[in-house]
Amino acid sequence: MRGPQNLNPWVILKRITEAQALVDKSANFPINSINLSCECEGSSVTFQTSLITTTGDSQIAEFFQQSAGEWRSERRYYTLPNGETKEMVSQIRVRFLTQGCDELRHLARLHELEDETCLTCGTEVTWDSAESVSGRTQSKGSTLFGAMGTLLYRDRGFATTKPVTALYYFTNPQTLCLRTEYKGSSFEEEIKLIGQLYRTRQTIITREGEQQMIGQYLEKRVV
């Protein structure tokens, strides 16, 4: 008996998110695992995965709180397939946002959410980036994140100034994974807290099924 081939975990997560919208959020029910059932060659087959080890407003809030502060980010971008590299240094400030604050209300309005206080927590991230060798400023700005269920709402994306949403999950309490899709591209990111002073990040940008760029970051807490 054969099951479906190349089961995409992000498809699984999307199904969870769609189903979760039907659950009374006041029950605060965490998703620790999921069973998927399908019909294969006339027989019922159940697939189990522990990839989605947790969701829940309390865990994303704790992760955001642990990330709050100022960081020095050393990053390297690899352009595929030729492997051309670019190195940059950024100063990053992460500020934790509580439910009902002005920033999260503004974010909810951008996404046209009915309840302006529905985003349970979030962060404001500001950055100032420069080339490692020349010191020439590359970019500076800020962005907002707000969480609800298994979605992160943002006021802008990597390559767009329009509001976007990302699916997220944790592989463990210190590792947040998220995926954003728009304009035919996908952006997969992993953020890992290492003790109190360090964190790593990796971003993979894919367009029309082909990987275009990999970004790797080592970040040290300044404050």
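**Starting from one residue**

I picked Ile60 and looked up its partners: beyond neighbours within four places in sequence, Ile60 is in contact with Cys121, Ala147, Leu152, Tyr168, Phe170 and Leu176. Contact here means heavy atoms within 4.5 Å.

Some ground rules I jotted down: this is a predicted model, local features need pLDDT of at least 70, side-chain atom pairs count only at pLDDT 80 or more, and totals for chains, interfaces and linings use all residues. Residues are numbered from 1 along each chain as its sequence is written, and side-chain values use heavy atoms, with hydrogens and water left out.

**The cores**

Next I looked up the largest nonpolar core, which has 19 residues. Ile60, Phe63, Phe64, Leu152, Tyr168 and Leu176 have the most contacts inside this core. Helix H2 (57–67) gives the most to this core, with 4 residues. A nonpolar core is a set of buried Ala, Val, Leu, Ile, Met, Phe, Trp, Tyr and Cys residues joined through side-chain atoms within 4.5 Å. Buried means under 20% relative accessible area, exposed over 50%, and partly exposed in between (1.4 Å probe, protein chains only). Helices (H or I, at least four residues) and strands (E, at least two) are DSSP runs, numbered from the N terminus.

Which residues of H2 are buried? I found Gln59, Ile60, Ala61, Phe63, Phe64 and Ser67. H2 is followed by Gly69, with a positive phi near 135 degrees.

**Aromatic pairs**

I found 5 aromatic pairs in the structure. Rings of Phe, Tyr and Trp (its six-membered ring) pair if their centres lie within 6.5 Å; planes under 30 degrees apart count as stacked, over 60 as edge-to-face and the rest as tilted.

Phe63 and Phe170 are edge-to-face, 5.6 Å centre to centre with 65 degrees between the planes. Phe63 sits in helix H2 and Phe170 in strand E8, so this pair ties together parts 107 residues apart in sequence. Both Phe63 and Phe170 are buried. Phe63, Tyr168 and Phe170 form one aromatic cluster.

Then I checked Tyr77 and Tyr217: their ring centres are 5.9 Å apart and their planes at 85 degrees, so this pair is edge-to-face. Tyr77 is in strand E3 (residues 69–79) and Tyr217 in strand E12 (residues 210–221), so the pair links parts that are 140 residues apart in sequence. Tyr77 counts as buried at 18% relative accessibility, and Tyr217 at 6%.

**The largest pocket**

Tyr77 and Tyr217 came up again here: 37 residues line the largest pocket, and the closest to its centre are Arg75, Tyr77, Phe158, Arg201 and Tyr217. On a 1 Å grid over the protein atoms alone, a pocket is an open set of points where a 1.4 Å probe fits, with protein on both sides within 12 Å along at least five of seven lines; lining residues have an atom within 4 Å of a point. I noted that strand E4 (residues 84–98) gives the most to the lining, with 6 residues.

A cis peptide bond joins Leu80 and Pro81, with omega about 5 degrees. Pro81 lies in the loop between E3 and E4.

Lys183 has a positive phi near 55 degrees and is found in the loop between E9 and E10. Is Lys183 buried or exposed? Lys183 is exposed, with a relative accessible area of 60%.
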